[in-house]
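Please look over the sequence and the structure first, and then read the points below beside them.

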Amino acid sequence: MKNVKTAAIVLAAGHGKRMHSKVAKQYLLLKGEPVVVHALRAFEKAGMDEIILVAGADEVEFCKRNIVEQYGFTSVRQVVAGGKERYDSVRNGLCALKAVGFAEDGIVLIHDGARPLVNGEIIARAVDGAREFSACVASMRLRIRSRQRMRRDFLKARRIAVPYGRSRHLRHSASV
């Protein structure tokens with residue numbers, strides 16, 4: 001099999017509205033560095049041929065200076081503005097890859113820059129999966145305790161959310 005080029009598009013244009021924070025998730029600090037730095041570092045260490053960082057339209061220059069240059073990322077070829085929706089941002093990243101001459105038969109990984117726990121093993125397995133099947137989605141199995149905790153928290157939230165006076169069946173199913 002010929003050597004296929006690999007690229008990553010790291011999406012960091014979101015606003016993190018659900019967090020109710022003045023700082024977008026990708027710029028929150030984790031171990032003293034912005035979350036997006038951890039994601040970019042993982043892709044650079046994994047040997048991606050090209051990395052495109054997609055930032056908010058008003059954050060492109062900030063990302064060039066305070067993320068790419070400050071942390072010395074050499075594989076980040078461009079920082080481009082995202083779009084109104086996630087798919088618009090992905091499209092802008094794909095257009096940027098085309099502009100830097102990335103081969104159309106190359107493998108492109110799309111990653112949410114607010115997810116810092118990606119690592120070389122996950123990236124390598126995703127690339128291998130894309131080579132073998134032409135498409136791949138990376139996911140991780142939840143541990144049983146995590147699933148139990150999520151179920152407990154979900155059911156607790158449902159119990160609180162069901163208004164008093166609703167049918168007995170709803171109240172009962174929410175407390176299971």
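To how many Å² does the accessible surface of the protein chain come, and what percentage of it belongs to carbon and sulfur atoms? The accessible surface comes to about 12,100 Å², and 52% of that area belongs to carbon and sulfur atoms, where accessible areas come from the Shrake-Rupley method with a 1.4 Å probe and, for residues, only the protein chains shown count as cover. The model is a predicted one, in which local features need pLDDT of at least 70 and side-chain atom pairs count only at pLDDT 80 or more, while totals for chains, interfaces and linings use all residues. Residues are numbered from 1 along each chain as its sequence is written, and side-chain values use heavy atoms, with hydrogens and water left out.

**Overall make-up**

- The protein chain has six helices and six strands, which are DSSP runs numbered from the N terminus (helices are H or I with at least four residues, strands are E with at least two).
- Read along the sequence, these elements follow the pattern β-β-β-α-β-α-β-α-β-α-α-α.
- Of the 176 residues of the protein chain, 35% count as buried, a word that here stands for under 20% relative accessible area, with exposed meaning over 50% and partly exposed lying in between (1.4 Å probe, protein chains only).
- Among contacts between residues at least 6 apart in sequence, 66% join residues at least 24 apart, a contact being heavy atoms within 4.5 Å.

**The sheet and the helices on it**

- Four strands form an open sheet with parallel pairing, in the order E5-E4-E1-E6, and two strands are taken to pair if DSSP finds at least two bridges between them.
- Strand E5 (76-81) and strand E6 (107-112) stand at the edges with a single partner strand each, so one side of each is left without a neighbour in the sheet.
- From one strand to the next, the twist averages 20°, where axes are lines fitted to C-alpha atoms (for helices over the stretch in contact) and angles run from 0 to 180 degrees between N-to-C directions.
- Strand E1 (residues 6-12) pairs with E6 in the parallel sense over six bridges, and within this pairing Ala8 has Leu109 of E6 as its bridge partner.
- Helix H2 (residues 60-69) packs on the sheet, where it touches strand E4 (50-55) and E5, and its direction makes about 150° with that of E5.
- Helix H3 lies across E1, E4, E5 and E6, and runs at about 140° to E1.

**Ser89, a buried residue of helix H3**

- Ser89 is found in helix H3, which spans residues 86-99, and the residue is buried, because its relative accessible area is 6%.
- A polar atom of the Ser89 side chain lies 2.9 Å from the backbone nitrogen of Gly83.
- Leaving aside residues up to four places away in sequence, Ser89 touches Leu11, Ala13, Val54, Gly82 and Gly83.

**Positive phi values in loops**

- Lys31, although not a glycine, has a positive phi of about 55°; its place is in the loop between strand E2 (29-30) and strand E3 (33-34), and at 79% relative accessibility it counts as exposed.
- Ser134 is a residue other than glycine with a positive phi, near 75°; it sits in the loop between helix H4 (120-133) and helix H5 (144-161), and its relative accessibility of 67% makes it count as exposed.

**Salt bridges**

- The structure holds six salt bridges, each being a side-chain nitrogen of Lys or Arg within 4 Å of a carboxyl oxygen of Asp or Glu.
- One of them joins the side chains of Glu33 and Arg41 at 2.8 Å, N to O; Glu33 counts as buried at 18% relative accessibility, whereas Arg41 counts as partly exposed at 26%.
- In another, the side chains of Asp112 and Arg115 meet at 3.8 Å, N to O, with Asp112 partly exposed at 25% relative accessibility and Arg115 partly exposed at 42%.
- The side chains of Arg125 and Glu121 also meet in a salt bridge, at 3.9 Å, N to O, and because these residues are four apart in helix H4, about one helical turn separates them.
- Arg125 counts as exposed at 58% relative accessibility, and Glu121 counts as exposed at 53%.

Terms used:
A polar contact is a pair of N or O atoms within 3.5 Å; within protein, one must be able to donate a hydrogen and the other to accept it, and residues adjacent in sequence count only if both atoms are side-chain atoms.
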